Amino acid sequence: MRSVWALAAVAALSVLTASTTTRAGEPKQGGILRMYHRDSPGNASIHEGATYSLNVPFMPVFNNLVIYKQDEPQNSLNNIVPELAESWAWVNDNKTLTFKLRQGVKWHDGKPFTAADVKCTFDMLMGKSQQKFRQNPRKAWYNEVNDVATNGDFEVSFNLKRPQPSLLALLASGYTPVYPCHVSPGDMRTHPIGTGPFKFVDFKANESIKLTRNPDYWRKGRPYLDGIEFTIIQNRSTAILAFVAGKFDMTFPTHITIPLLKDVKSQASNAICVVEPTNVSTNIIVNSTAPPFDNVDIRRAMALALDRKAFVSILFEGQADIGGTMLPPPHGLWGMPKDMLESIPGYGPDVNANREEAKKLMQKAGYGPDKHLPVKVSTRNLAEYRDPAVILIDQLKSIYIDGELDVVETANWFPKVARKDYMLGLNLTGNAVDDPDQSFYENYSCGSERNYTNYCNKEIEKLFDAQSQETNIDKRKKLVWEIDKKLQEDVARPIIFHARAGTCWQPYVKGVTVMSNSSYNGYRYEDVWMDK
Amino acid sequence: MFAYLVRRLFLMLVTLFGISIVIFFLLRIVPGNIVDILFAAAGYVDPADKANLEKELGIDQPLIVQYWHWISGFLRGDFGYSYVSEKPALQEILPRIPITARLAGLALLFSASIGIPLGVISAVKQGTKLDYALRVVSLSGLSLPSFWLGLLILTASVAMFGQMPIFNPNPQTWLEAFATYAVPAAAVGFRSAALTMRITRSSMLEVLRQDYIRTARAKGASDAAVNYHHALKNAILPVITVIGIEAAFLIGGLIVTETVFNIPGVARFLVEAIRWRDYPIVQNLVMLIAVVVVFANFTVDMLYAVFDPRIRYTD
């Protein structure tokens, strides 16, 4: 009898031990993730912003219908998983996308989530509802959506004007959270309510953003962290020093430039750092509506004069990518293969030969060693704009173009570009989703607000639509390559390089995945935990 | 004295009215407004959205109407709402004032407590090695920009102690609370201390050559009594003037120091508000600073009478 009691005691103890301890490598619950934030976002409403300064702190507050798998670095149609939707189906000849919604999900204020919230969100995004966003920068994403219809409380359908397989990719972006119907857009800017793994606590402009664990999160056992605290530090040197000193568990994502990364590694040798493409291209916007760049020969000469490798080696110590509009492989899904890229004028490896050809074009246009073309190169007053602009000016000298740097304050940059008050501009273009639909329509379609150069080619527009409707990935890829090649040959917006940047975290931070083909989609943070 | 006070107060009001006009119109001369910035950040312009937002914020109204709304609100204590955070401007400004005030106060304290004694020593020991060493220190204080000094302190702290004294909103110990303000105050106050030291030295040298100092020494007064009781008391007026002016100029130094040490004070907040063209914040904050500066100057003038019995304000 005694031995039976002893056995029972041992069994009870072992059960207790197993339930209270965690095996090495298994995620642990608890802890506040401390991260610095590079900037003070204007507000807390993801739908009203166009910077990842918003996505990083506020994406954990929300859920989408679907989302890119958060533990896979490369976003693609193949790794989209349900979130507020439980499943989806394309019906009606791929013109209707229907989602079955998750039941029992609650907003952070306790109200139930239903299909009406999904309809509200997308009606507002399409400009069809009474309530309006102050700003709606991604309205064009839903140009092909006729309407969003509910079928009961837990089913919703997107009815399209024509098939658009990439709609799912757009819906999976960090830029596409579902908002609650019962909270006004104004309140969402100051106190966002979501269904996500973390609840909003506080946002003090220029100071901090605080999130706390959502104990009622529909995904049981998540999130692991008790909260996330962002301290806003705009001075990069101070921020990085603070990370090195251990004041932060993680740097702001993709905030560390390649040269600074060496400093971090030398001062905090235990830190884990990764370098990934940001899917932000540095490109040249050319005002082809006014002299001298209304002359196609001068535009082509300029494109031929570019030594892209020099940009990459000076600014990124060789760690950046050369490509066309779409992010090049292997990280990018739609970028042209190397041989195709190198067949485009200006992309060939022989820079001197390219420049000789460029000089001939310049001479044809009436310029030469005795008659240089004076040009203003306008750019924003930010280091990531100014530095490549200076290199560009230096390279243009080799083909008789004398560039003068025209630095424009951020407040004046877009109005200046929009009224075409520039000759050449050095610009950065970020892509929220690695998908041609987002990039082509936004930046190159006739009449698009972000088509800063007014490039308009009806033949290419037809190809945009053709690739957009194509459901076969391989066929679509070939169409995309063809379009991209044509855009570069037309000097629509010459792409110089695609940037890479570093992210670091302390060794005890686990479960972080930095996305490799977008800087906008990987911040749900429900799988992040701390081994402390 | 009463008539003088009334005249000074009237002049202060006129000055503040002038300042309010300058602040308001200078801000409108700067290209771009909050709407431009918001749409620039979003990379698109929808003219209808833009017009709606301008109407919502009231920046579509004639300038004179906008000025009247602002200044009448300011006088009533209604500072309006921040364009960016959409919170009451006063609610945004008030919590930041004590932070900057503490920092500025400590910086001035550092400036006076280091600058005045070292200035006296430098003057008394004129021509000695100590004097030369102190003059080098003061020159370096005037030459080193506070942002550089701040970064140097941060880098050295991390390299030497593995710690850095950036702002901690919830200090656990007295030492932490002190470090939060003392190090940045020293960084920004170093330049001010150097200036105070130089002014004290030159003023002391002038006074030490006066007849009444020689008389005091002839009567057998101790060096300490001569230097600190007779000489310093008479040499202090220009130093007070400089400290008063420095208090106003300190805001410039604090902008960089608050940025480098990540202190959420009004100085950095003001720069951010200017960047966003957040008119309600900028106008009200600059106006408050103007009020403080004008009153500080008034106080300094009144202090002259306290420190120098020969000065009496009469009608």
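Let me start with chain A of this predicted model, where four strands form an open sheet in the order E1-E10-E9-E8, with mixed pairing. The edges of that sheet are strand E1, residues 32-37, and strand E8, residues 198-204, each of which pairs on one side only. If we ignore direction, neighbouring strands here are turned by 15 degrees against each other on average. Within the sheet, strand E9 of chain A, residues 208-213, runs antiparallel to strand E10 of chain A, residues 227-232, and five bridges join the two. To give one pair that you can find on the screen, A:Leu211 has A:Ile228 in E10(A) as its bridge partner.

Chain A also has an open sheet of four strands in the order E4-E5-E7-E6, and here the pairing is antiparallel. Strand E4, residues 85-91, and strand E6, residues 145-150, each have a single partner strand and stand at the edges, so one side of each is left without a neighbour in the sheet.

Let me go through the pairings around E7(A). Strand E7, residues 155-160, pairs with E6(A) in the antiparallel sense over five bridges, and among the partners are A:Val145 with A:Leu160 and A:Thr150 with A:Val156. The hairpin of E6(A) and E7(A) has four residues between the strands, and in it A:Gly152 takes a positive phi near 75 degrees. E7(A) is also joined to E5(A) by five bridges, again with the strands antiparallel, and there A:Leu97 has A:Phe158 as its bridge partner.

What lies across these strands? Helix H3 of chain A, residues 115-125, lies across strand E5 (96-101), E6 and E7 of chain A, and runs at about 160 degrees to E6(A). How many of the eleven residues of H3(A) are buried? Nine of them are, which leaves the helix mostly covered; these buried residues include A:Val118, A:Cys120, A:Phe122 and A:Leu125, and also the charged-type names A:Asp117 and A:Lys119. What covers the buried residues of H3(A) includes E5, E6 and E7 of chain A. After the helix comes A:Gly127, whose phi is positive, near 75 degrees.

I turn now to the contact between the chains, which takes 33 residues from chain B and 34 residues from chain A. On the side of chain B that touches chain A, the elements that give two or more residues are helix H2 (34-42), helix H3 (47-57), helix H8 (146-161), helix H11 (223-260) and helix H12 (266-275) of chain B. Of these, H2(B) provides the largest share, seven residues. Sorted by class, this side of chain B has 19 nonpolar, eight polar and six charged residues.

Two of those helices, H11(B) and H12(B), also meet each other. In general, two packed helices are described by the angle between their axes and the distance between the axes. Here the axes of H11(B) and H12(B) come within 7 Å and cross at roughly 90 degrees, and the two helices are therefore roughly perpendicular to each other. From H11(B), the residues involved are B:Ile251, B:Leu254, B:Ile255, B:Glu258 and B:Thr259, and they meet B:Ala267, B:Arg268 and B:Val271 in H12(B). By class, this contact of H11(B) with H12(B) has five nonpolar, one polar and two charged residues.

Terms used:
Residues are numbered from 1 along each chain as its sequence is written. Chains are lettered from A and ligands numbered from 1 in the order in which they are written. This is a predicted model: local features need pLDDT of at least 70, side-chain atom pairs count only at pLDDT 80 or more; totals for chains, interfaces and linings use all residues. Two residues are in contact if their C-beta atoms, placed from the backbone, lie within 7 Å. Axes are lines fitted to C-alpha atoms, for helices over the stretch in contact, and angles run from 0 to 180 degrees between N-to-C directions. Angles under 35 degrees count as roughly parallel, over 145 as roughly antiparallel, 65 to 115 as roughly perpendicular and the rest as oblique. Two strands pair if DSSP finds at least two bridges between them. A residue is buried if 20 or more other C-beta atoms lie within 10 Å of its own, exposed if 12 or fewer, and partly exposed in between; C-beta atoms are placed from the backbone.
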